[in-house]
Structure formats: structure tokens, C-alpha cells
Amino acid sequence: MTGDVSRLFTRTMVAAALVLTVFSAAAQEEPDVLDGLEVPGLSSFAPPTTQGPLATAGEGEVTLSAHLTEEGPAISRGLVWRVFRPEADEEGKLPLVASAQGGSGVFMLDPGSYLVHASFGRAGATKRITVDRGARTESIVLDAGGLKLDAVLSDGQRIAAGKLKFSIYEEQPDATGERPLIVPDVSPNSVVRLNSGTYHVVSTYGAVNAVIRSDIHVEAGKLTEATVEHKAAELTLKLVRESGGEAIADTSWAVLTDSGDIVRESVGAFASMVLAEGDYAIVAKNRDRIYQRDFKVVAGRNQDVEVLAVEENGE
């Protein structure tokens, strides 16, 4: 019995020695594998619930694109995206969830319903979307085009850009009888992006009464170019003691229509303005003396207009 126990103990010691020898050899080949390694208990880990990034766990990916027309390509730049919750807050406003600028947008959103608004210049459209945990794409058709405006004189002469501006209004008046203003102070030859439809355009040459109004239709997916014709002229008024003489300083000016309505008042040796064609009365006042001249504005004929400081008795 004692011999059997002795033989079993001997075999156990030999096996242990062999295991230590193998472990020692492995440690010599890779000496740094276990240095400083701390393995926590398995109870501190939990299996992942998603295969995606931790920051977007539970969210859905939505790719949004906008098009001018149903068949048109996606707009690559110039878009502004805004994503809202459809339920208004305590102030009656829709909470803004996300926004982006550029072309197509990619949003990570919690599952649920949203209102997506895409704006392209003054054109825009809104669409309700539903988000789940998968990836999806949504497109919005803006039904929009572009409007490019310019103006010339009646003889075809171009008008200096600095003296010309446009304002774009809704076609139909509102409850107050006024047309809502959409875009003010539009420079000539600039492109304004608008939803398709008809708009009331006001072109102003100068700052007095040279105004042209017209209704212009914008077609979706196209650039509409419109040129209006102004029948007006640029005038420079001066009060002189003789024809071709020097302008008299400290002169007050008033320009009246043939019906007596004042269209322009100014003070100075010179009075420069743009007037629509027609008949006018020019009144100059200097040192409590008043001088008057009737004058006809001819479209496209820019000129200096002299008012002679001469009394009725010739003095």
C-alpha cells in the first residue's frame, strides 16, 4: 500500500514538472504577454444590444435629398435642412431637433414622426417622415425654379446696376389689400430661387417715380429671365443767373407733376434725380425768391435742366 502511494506521488510530481517546463518555455518565447495584464471578473461585462456605434444606439439613419422637380437631379448645394418634432411646445412652436446646410443630409434620429423642411433660397417644402431603427432615404420635391431680373431704357440702353432694384411680391393681395412682400431690394441679374407660380415684380429706377410693375411666372426646374423697360431719364437741376452759368448754392428744389403733386424735394446747388417721362413743374427757391420752369421729361434723354434766376422785370 505504501509503495502504491509512493508511485502515485512520483507520477504526479513528474507531470507537474512537465507542465512547468512547457509554461516556462512559452513564457520565454513571449515574455511580455502577461506583464501587467488585469482580467476583471466576467460578471462586470454585459453582451452588446446593438451592432452599431454606442453614440447612435437605438437611432435610425435617414438620408434626405431635395429636387427642383420630380424628375430632376438632387440639389448638391445651397440647401438648408431643418427637422422638427410635429408636436408644438408650451409656446406653440415646433421643437427643432436637427439642422444642416449643403446638399443631401444624413441624420441620426430616434424612432418616431418628424416634420422635415428644406429651403433653397426663397423656395421651400415640408414633408412628414417616420423614422425606425433601420436606414432609409427620403426625398422632397421643391417644385421650384429661378428668377433673374433686369431692366433697360426705352431705346435699349442698359441702366446702371446701382440705380436699379427690384422687389418681389405675392401675386394676390392679402386681407388688408396689400401684396405680401417676399424679397426686397433684389439686385439686377441676380438669381432668386422661388417656388413655381406667378409673382408681382416691382422695378424701381432711381428713387422717385420711375416704377414699372409686372406679373412674372416662374416655372419649376427652369431659370426665368425677365427684362422690363423703363420710360424715364436722369436729370440734374441747377439754378443759374444766365444760361450756362454756375449753379447757385443753398437752393431748395421741388418737382411737381402737371396736376400739382410733389414728387421730389431737395436742397443744394444741384438736384439729381430720375423721373418718369411726363410733364413737370420745377420750383427753385433761393433767398426767399422763387423761380419756376415747366419741363417735359423724355424717356432716355438724360440732361441738365437750368432754371434761370430772373425776375419778371428782367432783373
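Colleague: Which residues does Y205 touch, not counting residues up to four places away in sequence?

Modeller: Bear in mind that this is a predicted model. With that said, Y205 touches L153, I159, K163, L164, A210, H230, A232, E234 and V274, once residues up to four places away in sequence are set aside.

Colleague: Which residues touch the most other members of the largest nonpolar core?

Modeller: In soluble globular proteins, nonpolar side chains tend to be buried together. Here the largest nonpolar core has 23 residues, and those touching the most other members are L147, L149, F166, I168, L194 and Y205. At least two residues of this core come from each of β8, β9, β10, β11, β12, β13 and β14, and β8 supplies the largest share, four residues. There is also a second, separate core of 21 residues, among them A66, A125, I129 and L142.

Colleague: Is V218 buried or exposed, and with which residues is it in contact beyond four places in sequence?

Modeller: V218, which lies in strand β13, is buried because its relative accessible area is 0%, under the 20% cut-off. Leaving aside neighbours within four places, V218 is in contact with G145, G146, L147, L194, N195, S196, G197, Y199 and T224. The C-alpha atoms of V218 and A144 are separated by 7.9 Å, although these residues are 74 residues apart along the chain.

Colleague: Where does pLDDT stay under 50?

Modeller: The chain has a mean pLDDT of 85, with 80% of its residues at 70 or more, but pLDDT stays under 50 over residues 1-56, for which the model has three contacts beyond four places in sequence.

How values were computed
Residues numbered from 1 in each chain as written. Heavy atoms only, no water. Buried < 20%, exposed > 50% of the residue type's maximum accessible area, 1.4 Å probe, protein only. Contact = heavy atoms within 4.5 Å. pLDDT = per-residue confidence, 0-100. Core = buried A, V, L, I, M, F, W, Y, C linked by side-chain atoms within 4.5 Å.
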